[in-house]
Amino acid sequence: MMDNKDFEVSPAPTDSVSDLDFSPTADFLAVSSWDNQVRVYEVQPSGISVPKTAYSHESPALCVTWSKDGTKIVSGGADKAGRMMDISTGQTTQIAQHDEPIQCAKFLDQGNILATGSWDKTVKYWDLRSPQPIGTVQLPERCYSLDAKGPLMVVGTAEKHVCIFDLNNPTVIFKQSVSPLKWQTRVVSCFTDGKGYAIGSIEGRVGIQYVEDKDSAKNFSFKCHRDDAKNVYAVNDISFHPVHGTFSTAGGDGTVSFWDKDSKQRLKPFPKTNGQICSTAFNHNGTIFAYGVSYDWSKGYKQALPSNPIKIYLHAVRDDEIKPRTSKKR
């Protein structure tokens, strides 16, 4: 764990953690994993977590997202299905379908609309009352990562394409560009103000990108998740703090750091965990940081050993770790 005061979530999944997402209304944590399961835990004020409910896909569950009112969760899986659970009734229904695995799912700020991104090179929009998508967009390549904030949606695909959407006109790609990073995209994550996004690659590097051309002078990239032996690791996840707009990066080196993009500072490096960190999430008010420690498949099946740890931890976030610092005047 990053901090010896962190709380372990149990029981943990039995295979690698693929995604974490907190409810926007309460301290419920949803976890999707490669054991086909989606699990929901209630995090109590003491830091102890209690398993509340779970449901299954027919293949690995790859992503999970909460509705904005906290009453439903949707997950996407390698079974090419999007499945929804109503938290109050415990009922699950299939609400989305693609031709290939669903890598990404996200409830949008616009109404009760869900966006799903798939390896079939499409993004589809779903109104949960209808079995057919209300819109489909062809992507240049397979969807690897997707995030949305306000009217901004960003999709990172294979071959380093980045598609930016204005959700006021959701079925048209507003702007298509190429990642500022040299290597394969692992994650995209929108700024809390919706003015841009962070992008992380397999080569220990993060790009900070603004959408508006007038802000392009503020774009920059930085190295992270590397060690003294010159080993370079993937940036597996980027999570923005909901209050302060600062962010975390987590990597295949087993570390997490908190950063401030505006002052270009690292706010807090955490000690190394004993595994790779695949997924991270802040809760709705940014007081809890969840991180999943499990094998990220960066070394292929030969390193997928039964002895690899599978853990989820909760870190109590202190203001001095995550608050922006006033930049020093030169």
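The following questions and answers walk through selected side chains of a predicted model.

Residues are numbered from 1 along each chain as its sequence is written, and side-chain values use heavy atoms, with hydrogens and water left out. Because the model is predicted, local features need pLDDT of at least 70 and side-chain atom pairs count only at pLDDT 80 or more, while totals for chains, interfaces and linings use all residues.

Student: How many disulfides does the structure hold?

Tutor: A disulfide is a covalent bond between the sulfur atoms of two cysteines, and here the term is applied to a pair of cysteine sulfur atoms within 2.5 Å. The sulfur of Cys63 has its closest cysteine sulfur in Cys104, 6.1 Å away, which is too far for a bond. For Cys190 the closest cysteine sulfur is also in Cys104, at 12 Å, again too far for a bond. The number of disulfides in the structure is zero.

Student: Is Cys190 buried or exposed?

Tutor: Relative accessible area decides this, with buried meaning under 20%, exposed over 50%, and partly exposed in between, using a 1.4 Å probe and protein chains only. Cys63, with a value of 2%, is buried. Cys190 has a relative accessibility of 5%, so Cys190 counts as buried.

Student: Which side chains make polar contacts with the side chain of Ser263?

Tutor: Ser263 sits in the loop between β24 (256–260) and β25 (265–269), where strands (E, at least two residues) and helices (H or I, at least four) are DSSP runs numbered from the N terminus. Its relative accessibility is 19%, so Ser263 counts as buried. A polar contact is a pair of N or O atoms within 3.5 Å; within protein, one must be able to donate a hydrogen and the other to accept it, and residues adjacent in sequence count only if both atoms are side-chain atoms. The side chain of Ser263 makes such contacts at 2.9 Å with that of Asp260, and at 3.0 Å with that of Gln265.

Student: Which residue forms a salt bridge with Lys52?

Tutor: A salt bridge is a side-chain nitrogen of Lys or Arg within 4 Å of a carboxyl oxygen of Asp or Glu, and the structure holds 16 of them. Lys52 is partly exposed at 47% relative accessible area. In its salt bridge, the N to O distance is 3.4 Å and the partner is Glu42. This pair links distant parts of the chain, 10 residues apart, with Lys52 in strand β5 (residues 49–56) and its partner in strand β4 (residues 37–43), namely Glu42.

Student: How far apart are the closest N and O atoms of Arg226 and Glu203?

Tutor: Arg226 is partly exposed, with a relative accessible area of 29%, whereas Glu203 is buried, with a value of 17%. These two residues form a salt bridge, and their closest N and O atoms are separated by 3.2 Å.

Student: With which residues is His244 in contact, leaving aside its neighbours within four places in sequence?

Tutor: His244 is found in the loop between β22 and β23 (247–251), and its relative accessible area of 25% makes it partly exposed. Contact means heavy atoms within 4.5 Å. Once the neighbours within four places in sequence are left aside, His244 is in contact with Asp319, Ile322, Lys323 and Pro324.

Student: What is the C-alpha to C-alpha distance between His244 and Tyr144?

Tutor: His244 and Tyr144 are 100 residues apart in sequence. In space, from C-alpha to C-alpha, the distance between His244 and Tyr144 is 27 Å.
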